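Here is a quick walk through one protein model, one region at a time. Have a look at the sequence and the fold before reading on.

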Amino acid sequence: MGLGNQSHSSKKGIPMKKKTSILMRQEQRAGIAFLIPSLIGTTIFIIVPIVMSLMLGFTQWNPMKGFSEMKFIGLQNYKTLFSDIRIQNAVRNNLTYTLTYVPFTIAIALLLAAILNRFVYMRTTLRMMVFLPYVSSLVSVATVWMVLLYPSANGPINSILTHVFHVTNPPKWFTSSDWALRGIIMMGIWHDLGYHVVILLANITALPKDVYEACAIDGASPIQTFFRVTVPMLAPAIFFCVTLATINSFKIFDQINIITEGGPGFSTTVLVQAVYYYAFKEFRFTYASAVAMLLFVIIFLFSNVLQWIEKKVTF
């Protein structure tokens with residue numbers, strides 16, 4: 001009887017295993033079917049352009065003459081980058097923008113997130129007001145800032161500087177090579193601030209309350225609690241915001257192309273704007289591809305350095 005029951009159960013168990021394997025295969029096929037449209041889009045619009053841009057950087061080619069006129073020139077395009085004044089200024093401006101925009105944006109966002117977390121009245125309205133610039137069109141934002149930073153003494157900002165702070169020679173802003181990039185940085189901080197505030201605020205609200213109760217019992221001041229408790233616990237979110245802000249700072253283009261087009265001179269020229277200039281103004285597509293690869297390498301290096309710092313830094 002025991003052997004009979006065992007053989008009967010084994011025969012009964014085989015169909016269940018087959019059913020399980022069939023269901024697993026069906027789920028895998030369904031998953032692959034859902035992934036195929038995304039993979040096709042990623043391949044066509046991301047992977048293929050990256051590979052083509054990498055290949056074009058080693059060639060000299062006029063698209064109007066067809067592929068038969070494409071010539072392999074090796075590293076000539078990349079050698080030209082080091083002597084190109086526009087690229088030199090673009091790299092310097094990008095670094096200036098990043099090293100100014102990122103720390104100010106994250107510091108102000110962290111401060112605002114802490115304030116909004118403690119603010120009791122009109123909390124939802126204030127959060128919406130802070131986030132609103134980020135969802136606004138960059139074209140409209142650039143237009144508003146062009147009006148605000150109008151270079152004459154009658155401009156809104158310069159009028160305040162002249163009549164309230166008694167500045168005799170207010171900045172010329174976007175028409176000055178000394179102030180144009182500073183105006184772009186101010187606008188970038190104002191526009192992107194809300195996004196980082198929302199991320200940091202969401203993480204602050206998720207922090208354990210008992211830690212703050214313990215700090216209050218120990219007599220820690222709000223400033224001590226903020227720097228010694230809140231900031232260390234927010235380290236992963238802060239590094240995420242820093243990495244994202246750094247990548248976005250190297251991709252800046254719209255506001256510069258709308259307001260200054262890289263001028264005056266090369267004072268606001270950045271790498272993305274240089275790619276646009278060489279590709280669609282001078283039609284040097286292969287050289288523009290080399291500039292794009294330079295931008296890719298810089299972003300890649302910055303991202304890896306930030307990841308390395310995140311792993312090494314402990315609070």
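Is Glu282 buried, exposed or partly exposed? Glu282 is partly exposed, with 34% relative accessible area. Keep in mind as you go that this is a predicted model.

## The salt bridge

Glu282 has a partner: its side chain meets that of Arg284 in a salt bridge, at 3.2 Å from N to O. Arg284 is partly exposed too, with a relative accessible area of 34%.

Phe283 sits in the loop between α12 and α13 and has a positive phi of about 55 degrees, although it isn't a glycine. With a relative accessibility of 54%, Phe283 counts as exposed, because the cut-off for that is over 50%.

## The loop between α11 and α12

Now step back to the loop that links α11 (254-259) and α12 (271-280), where you'll find Phe266.

Which backbone features stand out here? Most residues other than glycine have a negative phi, and most peptide bonds are trans. Glu261, which is not a glycine, has a positive phi of about 55 degrees. The peptide bond from Gly263 to Pro264 is cis, with omega near -10 degrees. As for accessibility, Glu261 counts as exposed at 53%.

Phe266 is partly exposed, at 30% relative accessibility. What does Phe266 touch, once residues up to four places away in sequence are set aside? The answer is Ile85, Arg86, Asn89 and Asn93. For a sense of distance, pick Val297: Phe266 is 31 residues from Val297 in sequence, and their C-alpha atoms are 22 Å apart in space.

## Helix α3 and its partners

Helix α3 covers residues 85-118, and helix α4 covers residues 123-131. The two pack at an angle of about 160 degrees, with 9 Å between their axes. An angle over 145 degrees counts as roughly antiparallel, so that is how α3 and α4 run relative to each other. Their crossing is left-handed. On the α3 side the contact uses Leu116, Asn117 and Arg118, which meet Arg123, Leu126, Arg127 and Val130 of α4. Sorted by type, the residues of this contact come out as three nonpolar, one polar and three charged.

α3 also packs against helix α7 (residues 180-205), this time at an angle of about 40 degrees and with the axes 7 Å apart. The two helices are therefore oblique to each other, and the crossing of α3 and α7 is right-handed. What kinds of residues make up this contact? Between α3 and α7 there are 20 nonpolar residues, eight polar and one charged.

## α10 against α13

Next up is helix α10 (residues 235-250), which packs with helix α13 (residues 285-312) at an angle of about 170 degrees, their axes 10 Å apart. That angle makes α10 roughly antiparallel to α13. From α10, the contact takes in Pro236, Phe239, Val242, Thr243, Thr246, Ile247 and Phe250. From α13 come Leu295, Ile298, Ile299, Phe302, Ser303, Leu306, Ile309 and Glu310. That list splits into eleven nonpolar residues, three polar and one charged.

## Thr59 in strand β1

Last stop: Thr59, which belongs to strand β1 (residues 59-60). Is Thr59 buried or exposed? Thr59 counts as buried at 7% relative accessibility, because anything under 20% falls in that class.

Leaving out neighbours within four places in sequence, Thr59 is in contact with Met70, Lys71, Phe72, Ile73, Asn77 and Thr286. Pro208 is another matter: Thr59 and Pro208 are 149 residues apart along the chain, and 57 Å separates their C-alpha atoms.

Technical notes:
Residues are numbered from 1 along each chain as its sequence is written. This is a predicted model: local features need pLDDT of at least 70, side-chain atom pairs count only at pLDDT 80 or more; totals for chains, interfaces and linings use all residues. Side-chain values use heavy atoms; hydrogens and water are left out. Axes are lines fitted to C-alpha atoms, for helices over the stretch in contact, and angles run from 0 to 180 degrees between N-to-C directions. Helices (H or I, at least four residues) and strands (E, at least two) are DSSP runs, numbered from the N terminus. Angles under 35 degrees count as roughly parallel, over 145 as roughly antiparallel, 65 to 115 as roughly perpendicular and the rest as oblique. A crossing is left-handed if the near helix is turned anticlockwise from the far one by less than a right angle, and right-handed if clockwise. Contact means heavy atoms within 4.5 Å. Ala, Val, Leu, Ile, Met, Phe, Trp, Tyr, Cys and Pro count as nonpolar, Asp, Glu, Lys and Arg as charged, and the others, Gly among them, as polar. A salt bridge is a side-chain nitrogen of Lys or Arg within 4 Å of a carboxyl oxygen of Asp or Glu. Buried means under 20% relative accessible area, exposed over 50%, partly exposed in between (1.4 Å probe, protein chains only).
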